[in-house]
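Here is a walk through a protein model, with a few stops at its salt bridges, aromatic rings, strands and cavities. Have the structure open and follow along.

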Amino acid sequence: MLSLRYKWTPFLNYGKKLEMKKNTVVYRQGENGKGFYYLDQGGVKILLLSDHGHERIVDYVPTGTLLGEHGAHRGSYLTSAITTSPSILYYFSDEALSAVCRDHPDAAVLFTNSHIYKMRLLAEIIWLLDSPVEQQMAHYLLKLIHIHQSENVPIDQTSFAQYIGTSRITVNKIIQKWKQQGWIQCSNGVIRVMELAKIKEILNDSEEFQMQ
């Protein structure tokens, strides 16, 4: 995903600039597609509503990347997107996408690759649903480290619980366990990983779950 960051920047003049406040809904799961978006500044979380009515965070959108690609070509949005801070996004209608691809043929490849990544992400979520909570937490913590390119991950326990789809109490028990073992430190809504290899071992010890 990081290889796709900022690659869409040259095409922003084709989109419509939108300034959104914190906790603004960008699009809702199940809505008919209205186009897709590019996150220029701020933050956006992606949520997935299960068949049982449970909503969980499945991703945090890095700046410089696309979101809502499944809404292009009048498709239905497969997830919901909500801003986590005051944000600037660019909206691209189907007409705008056609214009970009007409004028810049390489843009079609970028869009397709981004769309494929998001579909793989959803498949990954389904794959992880039945795994133990500690494995899910290890997986997502490593994923966030990769996204932020830092071993300091800005996420609090409430958000982590929603990310995993479990209770804050359950997350807290595992966080405390990791802290006692000296694997992580927590301060002001940031988890700092001290022993990256130990977190990876949680996944490597399982025959069913391996890092991609």
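Buried here means under 20% relative accessible area, exposed means over 50%, and partly exposed is anything in between, using a 1.4 Å probe on protein chains only. This is a predicted model, so local features need pLDDT of at least 70 and side-chain atom pairs count only at pLDDT 80 or more, while totals for chains, interfaces and linings use all residues. Residues are numbered from 1 along each chain as its sequence is written, and side-chain values use heavy atoms, with hydrogens and water left out.

Which side chain does Glu69 meet in a salt bridge? That would be Lys118, at 2.9 Å from N to O. Lys118 sits in helix H2 and Glu69 in the loop between S5 and strand S6 (80–92), so the pair ties together parts that are 49 residues apart in sequence. Helices (H or I, at least four residues) and strands (E, at least two) are DSSP runs, numbered from the N terminus. Lys118 is buried too, with a relative accessible area of 11%.

## The other salt bridges

The structure holds 3 salt bridges, each being a side-chain nitrogen of Lys or Arg within 4 Å of a carboxyl oxygen of Asp or Glu. One of them joins Lys177 and Glu134, at 3.2 Å from N to O. That pair links distant parts of the chain, with Lys177 in helix H5 (residues 168–180) and Glu134 in helix H3 (residues 133–148), 43 residues apart. Lys177 is partly exposed, at 36% relative accessible area.

Arg102 also forms a salt bridge, with Asp103, and their closest N and O atoms are 3.2 Å apart. Arg102 is exposed, at 60% relative accessible area, whereas Asp103 is partly exposed at 37%.

## Aromatic rings

How many aromatic pairs does a search of the whole structure find? There are 8. Rings of Phe, Tyr and Trp (its six-membered ring) pair if their centres lie within 6.5 Å; planes under 30 degrees apart count as stacked, over 60 as edge-to-face and the rest as tilted. Among the pairs is Phe36 with Phe92, which is stacked, at 5.3 Å centre to centre and 10° between the planes. Phe36 lies in strand S3 and Phe92 in strand S6, so this pair ties together parts that are 56 residues apart in sequence. Phe36 is buried at 0% relative accessibility, and Phe92 is buried with a relative accessible area of 0%.

Tyr37 and Tyr91 have their ring centres 5.4 Å apart and their planes at 45°, so that pair is tilted. Tyr37 belongs to strand S3 and Tyr91 to strand S6, so the pair ties together parts that are 54 residues apart in sequence. Tyr37 is buried, at 5%, but Tyr91 is partly exposed, at 22%. Finally, Trp8, Phe11, Phe36, Phe92 and Phe111 form one aromatic cluster.

## Strands S3 and S4

Strand S3 (residues 36–49) runs antiparallel to S4, and 6 bridges join them; two strands pair if DSSP finds at least two bridges between them. Leu48 stands opposite Arg56 in S4.

Is S4 largely enclosed or open? In S4 (residues 55–61), 6 of the 7 residues are buried, so the strand is largely enclosed by the rest of the structure.

## Two cavities

There are 2 cavities of 30 Å³ or more. On a 1 Å grid over the protein atoms alone, a cavity is a set of points where a 1.4 Å probe fits but cannot get out, and lining residues have an atom within 4 Å of a point. Grid points are joined across faces, edges and corners, and a volume is the space filled by probe spheres set on the points. The largest cavity has about 110 Å³ of space. It is lined by 14 residues, and Ile46, His70, Thr79, Lys118 and Leu121 lie nearest its centre. S4, strand S5 (66–67) and helix H2 (106–128) each supply at least two residues of this lining.

The second largest cavity has about 90 Å³ of space. Its lining includes Trp8, Tyr38, Leu66 and Phe111. H2 gives the largest share of that lining, with 3 residues.

Key:
1 Å grid on protein atoms, 1.4 Å probe; cavity = no way out; pocket = protein on both sides within 12 Å on 5 of 7 lines; lining within 4 Å.
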